[in-house]
Structures are given as C-alpha cells and as structure tokens.
Amino acid sequence: MGNYYPLMVDLSKMKCLVVGGGAVALRKTLALKETGVDITLISPEIMAPLVQLADAGEINLIRRPYQKGDLEGFHLVYVAINDKKVSEEISREALDTGVFFNIADQPAAGNFIVPSKIQRGDLVLSFSTNGKSPILSKKIRQELEERYGAEYEEFLQLLGRERVWALREIEQIDQRKAYFKALVYSTLPELLKAGKTAEVLRQIAEIREKTLSKEIGGTGNDK
Ligand SMILES: C[C@@]1(CC(=O)O)c2cc3[nH]c(cc4nc(cc5[nH]c(cc(n2)[C@H]1CCC(=O)O)[C@@](C)(CC(=O)O)[C@@H]5CCC(=O)O)C(CC(=O)O)=C4CCC(=O)O)c(CCC(=O)O)c3CC(=O)O
Ligand SMILES: NC(=O)C1=CN([C@@H]2O[C@H](COP(=O)(O)OP(=O)(O)OC[C@H]3O[C@@H](n4cnc5c(N)ncnc54)[C@H](O)[C@@H]3O)[C@@H](O)[C@H]2O)C=CC1
C-alpha cells in the first residue's frame with residue numbers, strides 16, 4: 001500500500017457519508033461521532049445500534065442501497081459493504097469527485113485508511129501497520145493503553161499549565177527548558193495515577209526550586 005501521510009483533521013464542520021450498515025460501518029461511525037462531524041449513513045440493512053443513533057438524532061439514515069450521485073456534498077466517505085462490485089463503482093466515482101474515501105474491503109482502492117488511536121485528553125497516540133496487520137495495531141494499542149494510562153490526561157493538563165506559567169515567569173530560555181524537561185521526566189504520572197495530590201504539588205514545587213536555583217550553561221539545544 002501507499003506511503004500514507006498522517007493528519008489531524010478537524011471534522012466538526014464537515015459532512016461525512018457512511019455506506020453500509022454492518023459491524024464495520026458501526027465501528028467507523030462510533031469513532032467518527034466523537035469528532036462532531038455530520039454523519040449520513042446509506043444502507044438497505046442497518047444494525048440496531050445504528051438505528052438507535054438515528055432515533056436519537058445523532059446520525060441521518062437513508063435506508064436503501066447506494067445510488068450514483070450520493071457522494072455529492074460530502075467531504076469524507078467510508079464504504080463498508082459486502083458487495084465488491086458496488087465498492088468498485090463507488091471508488092471510481094469518488095476518484096472523479098476528488099473526495100477523501102475509505103474502502104473497508106479494498107483499502108488500497110481508497111485514498112485513506114484509518115489508524116489505531118488512543119486519546120488521553122490532548123494526548124493522541126495514533127499508529128498504523130499500513131493495512132498489513134490490523135490485529136498487530138490492536139495489540140500495540142492495548143500495550144500502549146497500559147503504558148500511557150488515564151493519568152496522562154491530567155499530566156498533560158498539568159504540563160500545559162506549568163508551561164504557561166514558565167513562559168511568563170522564567171526569563172532564561174535554558175532554565176525554562178530545564179524546567180519542562182524535569183517535569184516530563186519526573187515521577188508525576190505515577191503520583192497522579194496513585195491519586196497523591198499533595199505529593200504532586202510538593203514535587204512541582206521541588207522541581208521549580210531546583211531548576212530555578214541552578215545556573216544553566218550551554219546552548220540549551222542538547223536533548
Ligand atoms: C487497511 C485498513 C483500512 C481501514 O479500514 O481503514 C483495514 C483493513 C481491514 N481490516 C480488516 C479486519 C480487521 N480490522 C480490525 C480492526 C481495525 N482495523 C482498523 C483499520 C484498518 N483496517 C486499516 C489498516 C490499519 C492498520 O494497518 O493498522 C482499525 C485500526 C481502525 C478501525 O477500523 O476502526 C481497527 C483496530 C482498532 C484497534 O483495536 O485499535 C480487526 C480486529 C478486530 O476486529 O478485532 C480485524 C479482524 C482481523 C483481521 O482480519 O486482521 C480487514 C479484513 C476483512 C476480511 O477478513 O475480509 C481489512 C481489509 C483488508 O485487509 O483488505
Ligand atoms: N476495514 C476494516 O476494518 C474491516 C473490513 N472488513 C470488510 O468490510 C466489509 C463490511 O464488513 P461488515 O460490516 O462486517 O459486513 P456486514 O455483512 O455486517 O454488512 C454489510 C452491510 O453492507 C450493506 N450493503 C450491501 N450492499 C450495499 C449497497 N449497495 N449500498 C449500501 N449498503 C450496502 C448491507 O446492508 C449491510 O448493512 C466486508 O467486505 C469485510 O471484508 C471487515 C472487517 C474489518
């Protein structure tokens with residue numbers, strides 16, 4: 001498969017079409033829903049959880065097979081159907097239209113594929129095997145979910161706050177950098193995970209004191 005380029009796309013003001021109403025369409029729809037994109041799903045048969053989403057007003061359903069021209073007005077298209085011939089027809093039409101499209105049963109025919117993803121607040125870990133082994137992606141996701149647990153959401157918020165503080169309060173660039181580095185390489189994630197709030201505050205104060213009292217030499221460009 002191709003040399004894919006990973007992007008972080010804001011879909012919130014875009015329109016997305018899902019063709020198909022089976023298990024794969026459901027998985028892609030649930031992931032898309034989190035982005036706030038406007039979702040329309042076209043399929044003659046539709047799994048119950050998708051019907052429930054439509055009943056709740058979260059997606060638009062069109063209960064019929066795909067028809068030529070259905071792509072019009074959409075920015076992003078997912079095709080997850082069990083009919084290779086129709087998939088191929090939609091691929092050809094999508095290429096002509098220039099829309100971004102993903103074909104679940106023939107990934108190489110589409111112009112994007114979906115990576116695995118872990119979200120911890122503003123921390124996004126996303127990776128892919130370029131279609132060689134989705135199950136390896138799943139395994140890696142499970143391993144990384146353990147390594148970078150829910151505490152990383154709060155840790156990153158903390159780092160963001162400290163960065164704003166340091167940009168304002170620490171004049172010397174090398175000293176700021178040393179402060180950021182000391183925070184990132186600290187045991188703060190472990191303390192957050194254990195819910196030791198007082199310890200967290202104590203450690204931040206300690207790191208501030210240490211980095212601010214130190215004379216920092218060099219260019220600050222070392223790793
Ligand atoms: C190329 C790609 C195109 C795309 O869909 O964008 C693609 C293609 C195909 N997947 C297939 C099967 C499975 N896909 C999964 C799971 C995921 N598949 C996802 C993405 C991708 N799948 C893209 C490549 C991403 C990459 O390389 O990393 C994830 C990341 C995102 C998502 O889909 O939401 C999500 C993992 C989420 C996670 O757990 O983190 C499982 C596991 C399971 O269900 O437990 C199975 C069953 C096991 C197996 O078959 O390997 C089949 C064969 C169908 C058949 O047998 O006919 C094809 C078609 C083909 O290969 O031709
Ligand atoms: N990319 C991926 O992650 C994966 C891809 N697949 C592939 O994705 C495809 C779909 O898988 P499932 O959702 O499990 O299939 P499924 O059999 O559960 O659902 C197929 C759906 O396609 C709809 N459909 C069929 N013809 C249609 C048409 N002309 N217009 C609109 N909708 C139509 C049916 O109504 C049904 O809802 C399969 O071909 C499978 O090989 C399977 C697993 C993972």
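**A chat about the ligand shells, strands and domains**

Visitor: How does the shell around ligand 1 divide by class?
Guide: By class, that shell has eight nonpolar, seven polar and five charged residues. Keep in mind that this is a predicted model.

Visitor: And which residues are the closest to ligand 1?
Guide: Pro107, Gly131, Pro134, Ser137 and Lys138 are the closest, out of 20 residues that surround the ligand.

Visitor: Which helix gives the most to that shell?
Guide: That's α4, with five residues. Helix α4 covers 134-147, and both α4 and α1 supply at least two residues each.

Visitor: Which domains does the shell around ligand 1 draw on?
Guide: At least three residues come from domain 1 (15-114), and at least three from domain 2 (115-148).

Visitor: OK, now ligand 2. How many residues surround that one?
Guide: Ligand 2 has 21 residues around it, and the closest are Gly21, Gly22, Val24, Glu45 and Asp105.

Visitor: Where does the largest share of them come from?
Guide: From α1, which provides three residues of the shell around ligand 2.

Visitor: And the classes there, for ligand 2?
Guide: You'll find 13 nonpolar, five polar and three charged residues in the shell.

Visitor: You keep mentioning α1. What unit does α1 make with β1 and β2?
Guide: Together they form a β-α-β unit, and it's right-handed. The helix itself spans residues 23-33.

Visitor: So how do β1 and β2 run, parallel or antiparallel?
Guide: Parallel, with five bridges joining β1 to β2, which covers residues 38-42. To pick out one pair, Lys15 has Asp38 in β2 as its bridge partner.

Visitor: What about β1 and β4, how many bridges are there?
Guide: Four, again in the parallel sense, and β4 is residues 76-79. Here you can look for Val18, whose bridge partner in β4 is Tyr78.

Visitor: Why is β1 described as largely enclosed?
Guide: Because four of its five residues, in the stretch 15-19, are buried, the rest of the structure largely encloses the strand.

Visitor: Switching topic: how is the protein chain divided into domains?
Guide: Domain 1 is 15-114, domain 2 is 115-148 and domain 3 is 151-213.

Visitor: How far apart are the centres of domain 2 and domain 3?
Guide: Their C-alpha centres lie 27 Å apart. As for contacts, five residues of domain 2 are in contact with four residues of domain 3. On the domain 2 side, the touching residues are two nonpolar, one polar and two charged.

Visitor: Is Leu167 buried or exposed?
Guide: Exposed, because Leu167 has 11 C-beta neighbours inside 10 Å, and the cut-off for exposed is 12 or fewer.

Visitor: And how far is Leu167 from Gly98?
Guide: Their C-alpha atoms are separated by 43 Å, and the two residues are 69 apart along the chain.

Visitor: Where is the place of Asn130?
Guide: In the loop between β7 (123-127) and α4.

Visitor: How many other C-beta atoms does Asn130 have within 10 Å?
Guide: There are 14, so Asn130 counts as partly exposed.

Key
Residues are numbered from 1 along each chain as its sequence is written. Chains are lettered from A and ligands numbered from 1 in the order in which they are written. This is a predicted model: local features need pLDDT of at least 70, side-chain atom pairs count only at pLDDT 80 or more; totals for chains, interfaces and linings use all residues. A residue is buried if 20 or more other C-beta atoms lie within 10 Å of its own, exposed if 12 or fewer, and partly exposed in between; C-beta atoms are placed from the backbone. Two strands pair if DSSP finds at least two bridges between them. A crossover is right-handed if, with the strands pointing away from the viewer, the path from the first strand over the helix to the second runs clockwise. Domain bounds come from an automatic or database domain assignment. Two residues are in contact if their C-beta atoms, placed from the backbone, lie within 7 Å. Ala, Val, Leu, Ile, Met, Phe, Trp, Tyr, Cys and Pro count as nonpolar, Asp, Glu, Lys and Arg as charged, and the others, Gly among them, as polar. A residue is near a molecule or strand if its C-beta atom, placed from the backbone, lies within 6 Å of it.
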